[in-house]
Amino acid sequence: MTVQTWRKVSLIVSFALFQFPLFHLFLSPVLSIAGAWQGVAVSSLIIYGVLAIVSLFLGRAFCGWACPAGALQESCIVLGARPIGNRRLFWLKYVIFGIWLAAVVLGVIQTGGFHRVDPMFGVSADNPLRSFLLRYGVLLTMVPLSFLAGKWASCHYICWIAPLMILGSRAKERIGWPSLRLEAVGDRCISCQECAQACPMSLDVSSRASASSMTDDECILCGSCIATCPSEALRFAYSRRSPVVRTS
Ligand code: SF4
Ligand code: SF4
């Protein structure tokens with residue numbers, strides 16, 4: 001199997017796991033807020049913390065390789081979702097993230113801090129409708145959004161987890177320690193644009209391949225551009241920098 005096949009299998013497995021009861025607890029922003037207002041650190045808040053730490057080493061690889069929403073968004077590409085059109089509204093996800101964070105922080109302040117950890121918080125009060133909305137409320141908006149605004153649109157516009165990992169990615173760049181990154185071998189690029197067409201995040205990968213850095217907040221380190229490049233001008237690296245590596 002190719003690397004990209006493994007990636008797609010990983011996304012499908014993640015999506016399949018999401019169908020099991022209780023799994024939605026692990027990513028629910030609603031439960032993390034509800035827990036904070038009762039002084040409870042719930043599983044989704046813990047998972048967000050883990051993802052923030054992971055992003056310090058792997059950037060946004062979670063989005064490209066393990067997010068339950070990834071398989072759904074890849075399916076929309078197969079069904080004809082176009083490249084993203086409006087980039088000026090990418091800030092929307094930061095507003096959503098800010099509202100979520102403010103709600104959690106206010107809850108913690110109001111309750112005087114976390115008093116207990118409860119990974120199963122939200123289970124006892126569950127009912128079928130609530131469970132359905134918690135699990136699929138966001139997922140179901142992703143499909144129409146992909147066709148209206150462009151492929152992986154929810155990742156660009158509404159995902160509250162994306163800013164968390166973008167902040168982690170920026171932090172790792174600033175700190176400068178080794179981390180997973182996309183690397184360009186600049187003088188191999190023949191400007192064929194295959195990478196840009198393959199990029200699920202609609203990034204201008206070709207231009208970046210000849211620039212001094214491949215770093216981009218919206219890059220989910222999926223590797224689709226690497227798999228598509230006919231000149232082997234792109235590759236993953238676990239290194240300190242994101243240089244254009246010259247072969248001569
Ligand atoms: S630039 Fe490459 S690794 Fe990044 S999102 Fe686009 S295709 Fe994936
Ligand atoms: S696919 Fe490879 S050769 Fe073509 S533009 Fe992208 S980096 Fe350059």
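The model is predicted, with local features needing pLDDT of at least 70 and side-chain atom pairs pLDDT 80 or more, whereas totals for chains, interfaces and linings use all residues. Residues are numbered from 1 along each chain as its sequence is written, chains are lettered from A and ligands numbered from 1 in the order in which they are written, and side-chain values use heavy atoms, without hydrogens and water.

Remain at L221 and inspect the backbone. Its phi is near 50°, a positive value in a residue other than glycine. Most residues other than glycine have a negative phi. L221 is also buried, with a relative accessible area of 7% (buried means under 20%, computed with a 1.4 Å probe on protein chains only).

Next, select S202, in the loop between α10 (194-198) and α11 (205-209). Here too phi is positive in a residue other than glycine, near 55°. S202 counts as buried because its relative accessible area is 6%.

Now display ligand 1. Ligand 1 sits in the largest cavity, that is, a set of points on a 1 Å grid over the protein atoms alone where a 1.4 Å probe fits but cannot get out. Sitting there requires more than half of the ligand's atoms to lie within 2 Å of the grid points.

Move on to ligand 2, which takes up the second largest cavity.

Then select E74 in helix α5 (residues 68-78). E74 is buried, at 12% relative accessible area. Beyond its neighbours within four places in sequence, E74 is in contact (heavy atoms within 4.5 Å) with R7, K8, L11, W152 and P200.

Finally, colour domain 1 (3-168) and domain 2 (178-239), whose bounds come from an automatic or database assignment. Their centres, taken over C-alpha atoms, are 26 Å apart. The contact takes 24 residues from domain 1 and 20 residues from domain 2.

Terms used:
1 Å grid on protein atoms, 1.4 Å probe; cavity = no way out; pocket = protein on both sides within 12 Å on 5 of 7 lines; lining within 4 Å. Helix = DSSP H or I, 4+ residues; strand = E, 2+ residues; numbered from the N terminus. Buried < 20%, exposed > 50% of the residue type's maximum accessible area, 1.4 Å probe, protein only.
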